[in-house]
Amino acid sequence: MLMDDDRISTGQAMALVINAILGVSLTILPRDVAKTAGPDCWILVILGGVFAFIAALIIAAVITRFNGKTFTEYTSFVLGRPAGFLAGALYAFYFVLVCAVVLRNFAEVMKNFVLETTPREFVIITLLLLSFYLIRHGLEPMVRFMVINFPIWFITAIVALILTLNKVDFSELLPSFRTPPDKILFGSVSAAISMAGFEVLMVAGQGLKTTRHVYKIAAVSIGIVTAFYIYLVVIVVSMLGVDETRRLLWPTFAVLRSITVPGGVLERIEAPIIIVWVIMVFTTLSAYYFSATITFANLFKAKEFKIFAPLLFPWIYFLSMMPQNVLELENWLKFAGNLAVVFGLIIPFILLIAGSVKARWGKSK
Amino acid sequence: MKLKKIFLITVAVLSVFYTIGCWDMVDIDKRFFVGNIGVDRAEDGEQMLVTFTFPIVRKIAGGQGGGQGGGGGSTIVVISTVTDSIHAAARQAAMRLSRRLFFEHTRVILIGEELARDGIEEVVNFLERNTEINRRGRVIVVRGKAKDALTIKNEIEVLLALYIANIFENRDICARFIETDVDEFMKQVHSMNGNVLLPRLTPGKTDVKIGGAAVIKKYKLVGWLEENETLGANFVLGEISGADIMIDIPGYKYPVVFTVTHNKAAMELLEAGDYPKFRVKLEVKGEIVETPEQIQLAPEMLKIIEKMLEDRINHMVLASIRKLQEEYQVDLLGFGEYLSKYKPDVWEEYKKDWENIFPDAEINVETKVKIRGIGASK
């Protein structure tokens, strides 16, 4: 259970959602969309943003009905105790799985680009420990960190944009509008998946100072993320070309590795940018780790949510070490993505319908 | 409280390890910074002869301080080994070296002619898969052996890799070679199915010359473009920011020298029958830097010179297009790319058989030259 003063404002909630979304997926998204739609990849991102926004609106609608209840209390109230408990448990497991996948992907990138001989286990455990340290003190301190991170990320993104401008060739995005619509639709769903993260607000929703502005949170955070993703995909694809983007495991990093600061002052700029990316991954991890912890705490009606953090720690670690290699990790990522549709769209939708039916039924009685 | 303290200390200690990356720590004095990689076909005709060069930092620093430099012999170490792959070569060389080879600062990757004729897939794959290679390094095909280019006794620069890599900076005054880096090379080789133009390097005794282009077709070197032809190709690629063109004026001993400062190229599809018909429109701006002493430039005179330049450039560009069409039968100037981007419907029809269609495509060149400056005298 959260302490009474551990509440976040609307702006803080926006930072939470944006930080939860942006992380691992921004290294993979360009390849994903280039694979399905080639030069039309930016359309996928826009449509994906629309889908993600719809999902976020549904979640927001659910949150406004909480009335001071926690997420698990609300699901039990709406769906009945056993179903509500099951839903809560599934959410907790989903959050744990996302943590694991995020961590492992982070470790793979580190292994390839930065720390080549450092064991993955070590990279994972240290980041997880740090995250553990951050979330133990509750929602508000964690979100404060995310708020601080926001301008850092923003400035880095702008600087990187300026530095890439002399190398981009926007004709790589031609010809436009030639991908069959079924592919566009299918691809934009997978683009929407990379904007998953709003579901975190469902469990963190109990910590909101007011639920009046949830729709605003949804609009602003998904809007910012979509804009950032469009810019990212356009830059990466127009710098590497469609075919090369498809081939590379982490096209975003290939782009970072090839930008130079004019004048030859700094030869390789990728190191500071990778550091910012590490922070982004860290915030994603913390958001999900916190969500998993708080969901378990609510399930068992624990007074102290902290004790669940160390309990989840080994599970996250073992899950993250399960995939044998990058290609297997890809399958895990896909699986987690499919789950995101279930937990970010389908279940909230059921909750919304069930909730409104229940409310009307309750009134007529 | 005690537990909390222990926990905090653990986190703090662990994060210190993490920030310095102690597993990966190789001190800077335990590394050799490989500047050049040269890849040749070995004498047995199957394996590769891989050559690395790296500077001895101690000697360079000593030389600058005026201490024991100068007579201390070469500052560059050249080490070659015969094996099947570039990565294995670095490991094999490790048996003969006291420090680690380190590729983050590799500036130049040289491919020997013989190996290039057999195929460069191995090099391409290495460059892409390896995460240590600098994606801004230069990829060059050597006329002859790559090792010969790496064993020259050059005195201009202390570092051989810098010497070779910095030649590329002169492209903005002399566009007679192709400029590309690992990034650009990867992009082209993959989007054009292994067809790409690479710069050509000719080794001498004490220096090297980068001029002309290597024509790579389906990952194999099929021939060269000479310097003038490369200049023509660069006009179509629209990448010239400096190149001299000389035209003879009847009755005078010395030519008029025109230097290109701006160049724009635009393609246009005129007809899409059995074979496509293209028009390449070139817009060239530049200035006159030398004339025969007796000539007085006047506006009418400039018009005539512009006309002559246009003919000259048309001729030159057509010659290089013809060579690619007839001799090598490979589309390296982006005609297919143009179709796929701007005329996707037409491209659908040609796509499959483009290799055979391109050599018969009809290509016209239309150049518009504008003389923008004539120097300080009339």
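**Salt bridges and a buried asparagine**

Mentor: Between chain B and chain A, six salt bridges are counted. The model is predicted, so local features need pLDDT of at least 70 and side-chain atom pairs pLDDT 80 or more, while totals for chains, interfaces and linings use all residues. Residues are numbered from 1 along each chain as written, chains are lettered from A and ligands numbered from 1 in the order written, and side-chain values use heavy atoms, without hydrogens and water.

Trainee: What makes A:Arg247 and B:Glu128 a salt bridge?

Mentor: The rule asks for a side-chain nitrogen of Lys or Arg within 4 Å of a carboxyl oxygen of Asp or Glu. Their N to O distance is 3.1 Å, so the pair qualifies.

Trainee: Happy with that. Why is B:Asn263 called buried?

Mentor: Its relative accessibility is 10%, and buried means under 20% (exposed is over 50%, partly exposed in between; 1.4 Å probe, protein chains only). B:Asn263 therefore counts as buried.

Trainee: Which backbone nitrogens lie 3.2 Å from a polar atom of the side chain of B:Asn263, and what makes these polar contacts?

Mentor: Those of B:Glu239 and B:Ile240. A polar contact is a pair of N or O atoms within 3.5 Å; within protein, one must be able to donate a hydrogen and the other to accept it, and sequence-adjacent residues count only if both atoms are side-chain atoms. At 3.2 Å, both pairs fall within the cut-off.

Trainee: What else is B:Asn263 in contact with?

Mentor: Beyond neighbours within four places in sequence, its contacts (heavy atoms within 4.5 Å) include B:Phe235, B:Leu282 and B:Glu283.
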